[in-house]
Amino acid sequence: VIFDTTVGGGGVWTVQTTTGDPPRERFLHGCAAIGQTLVIFGGYDSSGESNSFSLLRTDKWEWEGWDSTQARAGAMLHLVDGRVVAVGGVENGMVCDDVLTYSLGGFAPEFDGEDDEAVLSHPPNLLPGDYTIECWVCPHARGQGMNIVARSNVSYPTQVWSHQLRINERGKVQHCTLLASGERCIVESDTAVREGAWTHVAAVATSDGEMSIWIDGGDDDTAPVKLSGPLAANLDRFFVASRTGDAMGMFKGAISELRVWNSARTATQTREDMKKTFNGSEPGLVGYWKLDEGPGSTVYDSTANANHGPLKGNPAWNANSSPQALALAGEGPAAYAGHSRRAAKGAGR
C-alpha cells in the first residue's frame, strides 16, 4: 500500500497493483531503497525466519525474488556499494548482535583488454573429468576474439589451453575443450552476445560424452558436440581474461560470479542457480570466485579449496556495473531479468 504525502494528497492510503514474483506474507522484515527499487530481506513468514530477498521496481511495480544463504528477522538493513548490510535481528529464535553482508553484485572488475587478467591455481584432482564452468560477462568490445576463462598447465595458455569459454570476432560465445588425444573440440552459440550488456554463459562437458554451451540458462538452439574420447588431464590453473591460442585476445569488459563444478550440470540447474550467490559449500562446487572484492591484487575462492589467485594489471572496479547492482538500479539487461526460483525456507543456508 502507498501513503500519499504530497500536498493535496489527502493523506490517503491506496493499494498498488504489482506484477512479478511477490514475497510471501511477512512481518519484521528489513527494508531499504536504492534509486527506484525497494529491497526487502528476511522477516517472519508462516515458516519462521525467512532467508528471501525481494526487489520491487517502483517504476514498473514489478517484483523479483530469490533466496540468500542466511535467515534473519528484525534486522536493520542498509545498502552499501551494491551490498546489503544487515545488523542484528533474530535467527533460530536467538537475538543476534552480528553484522551480515550479502553481495547484490557489489564490485565487478572491468578488464581493459590490454594487461588485466587473473591466474587461479586449481589442482587436477579437483576437476578430473566432467565439468561445468559458468560466469556472467559484459563485453565492452566486438570484432575481435576474446578469452573469458581457460584452463591450462603451462605458464601462459597460448600453446596449451582447454575448458575454455570465449567470444569470437562475431560476438558468438564458444566452448572449446581439449581431448587427451590432442583433438580440440568447439561448440558455438547460435546468437551473439550484446556489447555492454550482461549475459550468463556456461560450458558443460563429459568425458567420452558430449560438450554443450548454455546461454542465459538455455541451450540457445545449439546442438551438443559429441566427444570421441576422454578430456585432457593434468590441467592445474585457470586464466581469466588472458590471451590464449586460436588468436584469442585478452578480454575487454566485466566478468562476475565465476563458478567451476565437477559435474555436467543441466540447463535447468544452470537457469535456476545463475542469479543466486552461494556460500561455497554447495556439493560439486570446486571453484567459486565471486569477483566482487573491489580494488586489490587478489581474487578469492569462496570454496574450502581456497584457490585464491593474483589479479594482474589494474582493472577498474565499478560498484554499479555488476548484473545484480544494475538490476537494483533498474538498468539490468533482459538476460538478468529471467525467471527466479523461490526455494523452500532454509535452502542453501
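In which loop is the place of Ala 247? Ala 247 sits in the loop between β23 and β24 (252–261), where strands (E, at least two residues) and helices (H or I, at least four) are DSSP runs numbered from the N terminus. The legends below concern a predicted model, in which local features need pLDDT of at least 70, side-chain atom pairs count only at pLDDT 80 or more, and totals for chains, interfaces and linings use all residues. Residues are numbered from 1 along each chain as its sequence is written, and side-chain values use heavy atoms, with hydrogens and water left out.

**View 1. Positive phi at Ala 247 and Asp 208.** Ala 247, a residue other than glycine, has a positive phi near 60 degrees. With a relative accessible area of 71%, Ala 247 is exposed; here exposed means over 50% relative accessible area, buried means under 20%, and partly exposed lies in between (1.4 Å probe, protein chains only). Asp 208 is not a glycine either, and its phi is positive at about 60 degrees. Asp 208 belongs to the loop between β20 (199–205) and β21 (210–215), and its relative accessible area of 47% makes it partly exposed.

**View 2. The stacked pair of Phe 41 and Phe 53.** A search of the whole structure finds six aromatic pairs, a pair being two rings of Phe, Tyr or Trp (its six-membered ring) whose centres lie within 6.5 Å, with planes under 30 degrees apart counted as stacked, over 60 as edge-to-face and the rest as tilted. The ring centres of Phe 41 and Phe 53 are 4.7 Å apart and the planes stand at 25 degrees, so this pair is stacked. Because Phe 41 lies in strand β5 (residues 37–41) and Phe 53 in strand β8 (residues 52–57), the pair ties together parts that are twelve residues apart in sequence. Phe 41 and Phe 53 are both buried.

**View 3. The edge-to-face pair of Phe 238 and Trp 289.** Here the ring centres of Phe 238 and Trp 289 are 6.2 Å apart and the planes are at 65 degrees, so the pair is edge-to-face. Since Phe 238 is part of strand β23 (residues 237–240) and Trp 289 part of strand β25 (residues 285–289), the pair ties together parts that are 51 residues apart in sequence. Phe 238 is buried, with a relative accessible area of 1%, and Trp 289 counts as buried at 0% relative accessibility.

**View 4. An aromatic cluster, and arginines over tryptophan rings.** Trp 261, Phe 278 and Tyr 288 form one aromatic cluster. Arg 265 lies over the face of Trp 261, at 3.8 Å from the ring centre; a charge sits over a ring if NZ of Lys or CZ of Arg is within 6 Å of the ring centre and within 35 degrees of the ring normal. Another such placement is that of Arg 184, which lies over the face of Trp 161 at 3.7 Å from the ring centre. Phe 278, a member of the cluster, is found in the loop between α1 (267–273) and β25 and counts as buried at 9% relative accessibility. From C-alpha to C-alpha, Phe 278 and Thr 303 are 9.5 Å apart in space, while 25 residues separate them in sequence.

View 5. Leu 77 lies in strand β10 (residues 76–80) and is buried, with a relative accessible area of 8%. Thr 19, found in strand β3 (residues 19–20), is partly exposed, with a relative accessible area of 46%.

**View 6. Cysteines without a disulfide.** The structure holds zero disulfides, a disulfide being a pair of cysteine sulfur atoms within 2.5 Å. Cys 96 counts as buried at 17% relative accessibility, and Cys 135 counts as buried at 1%.
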